[in-house]
Amino acid sequence: MIQSVINEGWRFVVFFYKFVISLALFIVLMKIPMWIRGFRLGQRKGKFQCLMCGNCCRLRIIELDEEDVEKLKKQGRQGFTDSNRFILRDRGRCVFLKNDKCTVHECRPRVCREFPFQKIFGLWFLPKITFCPGVDRLLEDGFDSKTR
Ligand code: SF4
Ligand code: SF4
């Protein structure tokens, strides 16, 4: 009796383990086309043109690294959280955005300089972003037909 309960328990553990592994594999496989597309678009970083709409300054929380903080402080800028990890926001936008223009353009943080791209394992990657007209322009510019 006890042996059969133990066997059932083991069967359940093995079944659960296989289920989790299969699910993880399925999710990874589903994401592969998106990753390939993102890395291929990343190669077009040089062709990206910012259309200065300011959406990324309104919609994102801007994270800072030590170098960003140092550069901004050298320029006498303030406007970080106490932890120096994020730029403060004012009325739902970055505090450095004034009249739809970045007032710290020369020393803007790395994530702003690199947006909408990200560096992953040393390669540029373009994630799926819906609010950047520059990305729309890049996509319209023949990615699907010319570089597929
Ligand atoms: S959302 Fe895109 S186009 Fe608009 S300011 Fe940011 S990078 Fe430029
Ligand atoms: S630092 Fe400049 S570019 Fe970056 S979010 Fe603020 S206003 Fe926009």
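The questions below test each label against its definition.

Guide: This is a predicted model, where local features need pLDDT of at least 70, side-chain atom pairs count only at pLDDT 80 or more, and totals for chains, interfaces and linings use all residues. Residues are numbered from 1 along each chain as its sequence is written, while chains are lettered from A and ligands numbered from 1 in the order in which they are written.

Visitor: Why is D100 called exposed rather than buried?

Guide: The label rests on other C-beta atoms, placed from the backbone, within 10 Å of a residue's own: 20 or more is buried, 12 or fewer is exposed, in between is partly exposed. D100 has 11 such neighbours, so it counts as exposed. D100 sits in the loop between strand 3 (97-98) and strand 4 (101-102); helices (H or I, at least four residues) and strands (E, at least two) are DSSP runs, numbered from the N terminus. Its phi is positive, near 60 degrees, though D100 is not a glycine.

Visitor: What makes N84 partly exposed?

Guide: N84 has 15 other C-beta atoms within 10 Å, so it is partly exposed. N84 also has a positive phi, about 60 degrees, without being a glycine.

Visitor: How do you know that helix 1 lies largely in the open?

Guide: Of its 41 residues, the number buried is one, so helix 1 lies largely in the open.

Visitor: Which residues does R110 contact beyond its sequence neighbours?

Guide: Contact requires C-beta atoms, placed from the backbone, within 7 Å. Leaving aside neighbours within four places in sequence, R110 meets that with D65 and D68. R110 belongs to helix 4 (residues 110-114).

Visitor: What makes up the largest nonpolar core?

Guide: A nonpolar core is a set of buried Ala, Val, Leu, Ile, Met, Phe, Trp, Tyr and Cys residues joined through C-beta atoms within 7 Å. The largest has 11 residues, including I62, I87 and F96.

Visitor: Which peptide bond is cis?

Guide: The bond from F115 to P116 is cis, with omega near 5 degrees.

How values were computed
Two residues are in contact if their C-beta atoms, placed from the backbone, lie within 7 Å.
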